[in-house]
Amino acid sequence: MAPGKKGILERLNAGEVVIGDGGFVFALEKRGYVKAGPWTPEAAHTHPESVRQLHREFLRAGSNVMQTFTFYASDDKLENRGQALKITGAQVNEAACDLAREVANEGDALVAGGVSQTPSYLSCKSETEVKAIFKKQLDVFMKKNVDFMIAEYFEHVEEAEWAVQVLKASGKPVAANMCIGPEGDMHGVSTGECAVRLVKAGVYIPHPLCFGSLVIVGVNCHFDPMTCPLAFHTPDCNCQGFIDLPEFPFGLEPRILTRWDMHAYAREAYNVGIRYIGGCCGFEPYHIRAVAEELATERGILPAASEKHGMWGAGLEMHTKPWVRARARRDYWEQLKPASGRPLCPSMSTPEGWGVTKGHADLLQHKEATSSQEMKHVVELQKKAKST
């Protein structure tokens, strides 16, 4: 950590609002650097300029944390289902750490090394095998001296506990996030029990620099910001979240939250006591700017990107058309009900509730590419699920 920068726990314990970044895999998929399906982050190694620029845009928008672009950067994921990558997980993780640190040093931002759920867990590999995957990533994060750890996008509390138990050995704070909603994890463990188990998993043996629990517990992904920080409206989701929606992942644009929705999200999160507020899939830098602008008074600063954005549309006062100038006010945007422009589309969808999770044969992962026979099988399962 750069001299003079306060750590994540120092900031939170002082009551500061820490703003995270957004959904790198979705943002970079739209920009042509990530393939939907595997969702792996080899772009950190193959196209570093794309990752560096997105970090910079989030920093300019107000982010205090540059999370390493290491989502799904474990070797078992990089090699899953026909991926023919000649890049190791270590290469991806090292490149991602370097990019995050480079941009973090351009502002008052921290670097967080991130791990996520693994194909090995879904395939019922042992605790020892799964923990070894997290340990390989942790070795890189320790080598690169990131400021704290993030364990994110876990559907099963057991795997999240394993991740926390590995990451806490670093002696650095761990932010443990699950992608679950009010119904709890995918095996029915309640949301409250998940939180308790993650706190217990993060209890650290005291030493001169650290003591007690080093875990920040939160939620990310799968549901919209009134449940989790996802940038899509998801009132029709089931317990699996937005990946069960038929629009996932290529038809979600009609559900995207406006910047004004993000103002409401930031205010609601702050009012319930949350002080580390960020975003996940679908969050673009302008969404994070909206969060930073909503909480500008509490933070005592506006983000640099607000230079090109008047608060509540104030910049529209300079527009050539008078009816557009009339929209330069807060009450207009707060009361707006955006139309989709799609007259034949329903307002909500029916999720594809297959009802399978870790332990089911259909989730067994492998290195070989998906065969035509497997595709035929999953299409038949899809038809059956829709009919019921």
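**Entry 1: ring pairs.** I began with the rings and counted 19 aromatic pairs. My rule was that rings of Phe, Tyr and Trp (its six-membered ring) pair if their centres lie within 6.5 Å, with planes under 30 degrees apart called stacked, over 60 edge-to-face and the rest tilted. I looked up F26 and F242: their ring centres are 6.0 Å apart and the planes meet at 40 degrees, so this pair is tilted. F26 belongs to helix α2 and F242 to the loop between β8 (215-219) and α11, so the pair ties together parts 216 residues apart in sequence. I took helices (H or I, at least four residues) and strands (E, at least two) as DSSP runs, numbered from the N terminus.

**Entry 2: a note on the model.** I must remember that this is a predicted model, where local features need pLDDT of at least 70, side-chain atom pairs count only at pLDDT 80 or more, and totals for chains, interfaces and linings use all residues. Residues are numbered from 1 along each chain as its sequence is written, and side-chain values use heavy atoms, with hydrogens and water left out.

**Entry 3: buried or exposed?** Next I found W39 and F248, a tilted aromatic pair with 6.4 Å centre to centre and 50 degrees between the planes. W39 is buried at 10% relative accessible area, whereas F248, at 24%, is partly exposed. I also noted that ring pairs link F26, W39, F232, F242 and F248 into a cluster.

**Entry 4: the core.** Which residues touch the most other members of the largest nonpolar core? Among its 52 residues, they are F26, F69, C221, F242 and C281. A nonpolar core here is a set of buried Ala, Val, Leu, Ile, Met, Phe, Trp, Tyr and Cys residues joined through side-chain atoms within 4.5 Å. Elements giving two or more residues to this core include α2 (24-31), α6 (89-104) and α11 (259-271). Apart from it I found another core, of 35 residues, including Y121 and V140.

**Entry 5: the whole chain.** I finished by stepping back: the chain has 16 helices and nine strands. Buried residues make up 51% of its 388 residues.

Conventions
Buried < 20%, exposed > 50% of the residue type's maximum accessible area, 1.4 Å probe, protein only.
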